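Please keep the sequence and the structure in view while reading.

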Amino acid sequence: MPYRLPPDTGDFVGRGGAVAELTGVLESGGAMPIAAVNGMGGVGKTTLAVHVAHAVRRRFSGGLLYVDLRGMADRPAEPYAVLAGLLRALGRREVPEAPEERAALYRSELAGRRVLVLLDDARCPAQVRPLLPGAPGTAVLVTSRATMAGLPGVRRLDLDVLEPCEAVALLESAAGAERVAAERAAALDLVAACGFLPLAVRGAGAWLAARPSLRIDALARRLARGRIEELPAAVTCFRLGYDLLGRDEARAFRLLALADGPGFSTGAAGAALGLRPQRADDILQTLADLSLLESCAPDRYRFHDLLRIFALNRSGTREERVRAVHGLLDYYLAAAHEAAGVLGGSPSEAGEGARSRGLTREAARTWLFVEQDAILTAVERAAAEPGGPLDQAARLLLIVAQLLDREWSPRRLRNAVRAVREATRRLAADPGRHGEATLRGRRAGESEEPFRAPFAAAEPPET
């Protein structure tokens, strides 16, 4: 009886619902249950799958098989070669040369046995299909960053990050319970800075264990400033997925991090990338299928916090970033003009057109409420990026600050206003520093006076 599973991890925490769901599928007694665990890199798919496989091992008296399909490698495992290894694990000394004969013999060997096959890190359904048994009694558990919707009868589990309490428990196992208890608030900040991603939390715990004299809040501050290189295992994990992207998808992944705040629409993505909506949607779907983006609502996407930082560290040339922010602000300006025409805010030449297209007050207010964080993030990107379009950022703030002043977070809006002002003053003090952006900077500097009255409501006194 083969027993090829890797060892169960000693620091497994939480995941009660996921364990129960997978166990129920694998022990269902169906013809051939197939369960697939999907999720971003580092979320703990393999750890969960191995843990569940150990938990149900008594159910599978014929053995437990494990194969690393190396889906994120430059050269993933070929099903033809994998079948040879599986047949030898099942006791066959001689293996046929023809792929069809190998697959048929594999299914024959599994017939009548109660075997669990764990296929780890699959690239795509096509890599998995030749490895599926064909007889009742066997079960298959697959892990992959890609969706496995193409497998027949598959039960998919989309694995999310840990709950805060689970992430803290995982940190305790690596850094020490007493140390975490002594800095409980800092520990919560740290696991939040890790995005509650298990691989990142383990990496943070290892970082602390190697530096017993340093406080937990020191690492939390580094990660809050974007120092993702302090978590090398997470960086390596993300790079595996990024390196497999095509040119257009890699460019989109880099630049869309500029738009995320903490989410963006397909329209905003297309504007930032300079692409037609259909092409932008195709790219977004590809990134979501590879778990590099999360589809959080219809027509809306977002990054995991650490993936956003990883993408920002690879966001291309300055000219490329400025073009992306420029397109993004153009998109939000056009939409804000329409909303203002309906809501009666700033004068808008688009007002009559918006009304003629049936844009209602409710729809305009909903759009502003949904997009407020994304709008402010785009404004702050324009201020932070050397040569950014400050004139667009100023006009956008002048419109939206008058429309939803009560719904907006006053502190958030005030910070965006200050970011634009400070960037304008830096350009005025050193107008030659940013080349072609100098003229835009001077115009933004000349328009600082209009900030004062319209933004008075946006800058309430500190409380």
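The model is predicted. Its open sheet has five strands, arranged in the order β2-β3-β4-β1-β5 with parallel pairing. At the edges stand β2 and β5, each of which pairs on one side only. On average, and with direction ignored, neighbouring strands of this sheet are turned by 15° against each other. Strands of a sheet pair through backbone hydrogen bonds. Within the sheet, β3 (residues 115-120) and β4 (residues 139-144) are joined in the parallel sense over four bridges. Leu-119 has Val-142 of β4 opposite to it.

Strand β5 (residues 154-158) contains Asp-158. Is this residue, Asp-158, buried or exposed? Asp-158 counts as exposed because its relative accessibility is 53%, and the cut-off for exposed is over 50%.

| Pair | Relation | Distance |
|---|---|---|
| Asp-158 and Arg-156 | polar contact of the side chains | 3.3 Å |
| Asp-158 and Arg-145 | C-alpha to C-alpha, 13 residues apart in sequence | 9.7 Å |

Helix α6 comprises twelve residues, 164-175. From its first C-alpha to its last, α6 reaches 16 Å, close to the expected 16 Å. Its buried residues include Glu-166, Val-168 and Leu-171. The buried residues of α6 pack against α7 (177-182), α8 (184-193) and α9 (198-209). After α6 comes Gly-176, which has a positive phi near 105°.

Technical notes. Residues are numbered from 1 along each chain as its sequence is written. This is a predicted model: local features need pLDDT of at least 70, side-chain atom pairs count only at pLDDT 80 or more; totals for chains, interfaces and linings use all residues. Side-chain values use heavy atoms; hydrogens and water are left out. Helices (H or I, at least four residues) and strands (E, at least two) are DSSP runs, numbered from the N terminus. The expected span of a helix is 1.5 Å times one less than its number of residues. Buried means under 20% relative accessible area, exposed over 50%, partly exposed in between (1.4 Å probe, protein chains only). Contact means heavy atoms within 4.5 Å. A polar contact is a pair of N or O atoms within 3.5 Å; within protein, one must be able to donate a hydrogen and the other to accept it, and residues adjacent in sequence count only if both atoms are side-chain atoms. Two strands pair if DSSP finds at least two bridges between them. Axes are lines fitted to C-alpha atoms, for helices over the stretch in contact, and angles run from 0 to 180 degrees between N-to-C directions.
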